[in-house]
Amino acid sequence: MRCFLVSLCLVESLLHAFALHTAPASEFQLEGDFLIGGLFNIHHVSSAIYHDRPEAFDCSSQPLIPSNYRKFQLMRFSVEEINNSTNLLPNVSLGYEIFDHCSDTDIFPGILKLISVNGLIQTFGESHENRSNVIAVVGPFSSTDTSTVVPLFMMDLIPLVSYGAAATAFAEKGKFPSFLRTVHSNKDAIEVIVRIILHFNWTWIAFLNSDDDFGEDGQETFRKRIKDTDICLAYTKDLNANTNISQTFKQIEAQDIYIIVVFTPKMVAEALIESAIELNITNKVWIAGDTWSLNERLPKEKGIKNIGTVIGVSQPVVTIPGFDHFLNSAKSQRYCEKAEETFCNQASNCSNLSGKHIRALDPSFSFPVYSAVYAIAHALHNTLQCGSHQCSGNMTVYPHMVLAELKKSNFTLLNQSIEFNEEGDPKYGSYSIVFWNHSGDVEEIGFYKFHPSVIFVINSTKIQWYTRGEVPSSLCSPECPVGHVKKQNGIQKCCFSCMVCQNGTYINSTEDPYNCLPCKDTEWSEPGSTSCSLRVVEYVPFTDSGAILIMVGAWVFVGLTLATSVVFAINYHTPVVRSAGGPMCFLILGCLTLCTVSVFFYFDKPTMSFCVLRFLPFLLFYTVCLACFVVRSFQIVCIFKIAAKFPKLHSWWMKYHGQWLVITVAFVTQALLLVIGYSYNPPKPYNDTYWYPDKIILGCDISLRGIFISVVLLVTLCFLCFIFSYMGKDLPKNYNEAKAITFCLLVLILTWIIFATEYMLYHGKYIQTLNALAVLSSLYSFLFWYFLPKCYIIIIQPHKNTQQHFQGIIQNYTKTISQ
């Protein structure tokens, strides 16, 4: 019996030894002089798992992600290829320690093993003479996974080269000093997506993102990028396992959104698109992020054509020589048949995956894995100071030394120059723009190249739109007609009503589509204009026919006043001249002549001096004329009606020459008023743009404050003159200058009433001509109805210009009064 038991143990030992000899080594480990860590989420934990007690988490029990298993195999291939090459690391072998990173919270044993030294974790402040065998780590893939583990590697500056973590926060070197990545950040992917949206003039966009670091960072980056564009973020939603997808699509439909950006990991996108097919969501353009745009299954899904058109941004597909052969060789070793685990989460349930199947999987992020391994190998090459045949064998390599060389990476891999910028992001690469055609294939229709210069190319003709030819539109409000501005409705700038720009304004849609811009004073526009036109400048030149007639009339007036003065001078001592005012007649005629100066300054382009001389001579010297007629009217009434009743007043008037005193006071007062008024606010040239939108009428701006009191004085004199002259309407015929003065005043008042009416009704350039005509008419009224009748008597009826004739008329008037 004892011999039997000994024999049984011997057989068991032999079988165990044979099993160990024939069982394939683990895919997750490879011995080497230097170890590279690897973190790949080969399996996926769909929901949080709660434990009653601390325990290791088994990733292999979770669903397999075949495309991530492909990335895992690519790392193994990259290390094997480097080891088989004698150029990069001669006489040095690379090994790896890879872990299945299927959760961001439950798989820390593998992470701790990578940073441990002889199975122990060194605390901060301890001596670092002992070092971890791992010189760098490739991975993890997602931004959330990376954010949970990255602090552990930053403490000892262990290089963490991610092949998928795209969150923009990882560019902050103060927080992540040893983090690098071989994929472009979300900022670059979002830039391509925005370029596509702008290319097709879409403005009303929905953005669906995963409820994790990757998706939330993508949404925030998208918001910042579209801030100064016409794109409006009409709807956003963070997607997770509990999201009501049906309700989400109802909200999108309610807002008439036709462009949906899906910025999520592959599994979330698959669930979303499958729900869209199931819920019969149609007539949409789906813009896929680079995590799922090259999905191998969805383009062939039944009903995928019904949801609309799918355009995507993807990592460029790079064929890696030798990888297909490696897959066939690796699968032939039957690793997946539950090889003995050497540590937690170093096994995969992939027995149903053949080499052919793996090759057909989503090739996204293949080159980032490949280039990450090679970047570490080149950094190690430089650290070890490798030559063409060997590397330095007596050098201790610390991770921070590899990190320093990683940052200086500059080598060529598959015709691609591998370099990193100061933020640890790649300075190489591009994005492909793809389209899911009706045959179920992903077709490249363009690209976006980053270095050395940005190049964006998209061939729209290859896209098979669900609209059958026409590019779909996605607008909250249709574009406004030409000449209309947008009046924003609510908080979204894409939702607006249209309002036409009124005359005098225009719209420049490229600069400001929301406001009508005013034209300059020298320009005008019709309603709904997109530009302004120069106004026509109008004024009355000296060569105008009306101006010539009025100026000729002014010169004729001057000639007539001179002739009248000569006639009155020759017949100065005759009764007619004496009854007309005697020497006062020459003052009146002289002032009337000086008033004509104003007439000539109503024409041509107005200047400051022109504006002053339009009114100053007339107001000043016409005041003297009216003062003379006031005095003359008062004297007539005084002689015949007041002298007898008020003899002292008559005596004082005669003794102190009251007529000249009144005239002097009126002249001096008016002169002072004009000097003060013009000093305070003088007339100045004025461009009238109010009455005619397409014209500028050149005129003079007269301040009523400046000449108000002067005009009041003039009107007062006119009023007094009218009162005194009206009181003398029944005086003897030959002494009845009062009647003539009254008639002159009536003509004067009628003239200015007509002009005031015209001034209110007409505002064209010829108002200046009418003003000059009114001035000239005011002058002619006194010449025609006061002086020329007396010239007629002097010249034509000299018999009435005798002393006897005047005395007879006075006697008859006296008898009539006494009766």
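These legends describe close-up views of cavities and nonpolar cores in a predicted model. Local features need pLDDT of at least 70 and side-chain atom pairs count only at pLDDT 80 or more, whereas totals for chains, interfaces and linings use all residues. Residues are numbered from 1 along each chain as its sequence is written, and side-chain values use heavy atoms, with hydrogens and water left out.

**View 1. The largest cavity and its lining.** The structure holds four cavities of 30 Å³ or more (a cavity is a set of points on a 1 Å grid over the protein atoms alone where a 1.4 Å probe fits but cannot get out, and its lining residues have an atom within 4 Å of a point). The largest has a volume of about 100 Å³, taken as the space filled by probe spheres set on the points, which are joined across faces, edges and corners. Among its lining residues are Pro299, Lys305, Trp436, His438 and Gln464. Strand 11 (308–314) and strand 14 (430–436) each supply at least two lining residues (strands are DSSP runs of E, at least two residues, and helices runs of H or I, at least four), and strand 11 gives the most, with three.

**View 2. The largest nonpolar core.** Of its 66 residues, Phe568, Leu592, Tyr622 and Phe787 touch the most other members (a core joins buried Ala, Val, Leu, Ile, Met, Phe, Trp, Tyr and Cys residues through side-chain atoms within 4.5 Å; buried means under 20% relative accessible area with a 1.4 Å probe, protein chains only). Helix 16 (608–642) is one of the helices that each supply at least two residues of this core, and helix 16 gives the most, with 16 residues.

Definitions and conventions. On a 1 Å grid over the protein atoms alone, a cavity is a set of points where a 1.4 Å probe fits but cannot get out, and a pocket is an open set with protein on both sides within 12 Å along at least five of seven lines; lining residues have an atom within 4 Å of a point. Buried means under 20% relative accessible area, exposed over 50%, partly exposed in between (1.4 Å probe, protein chains only).
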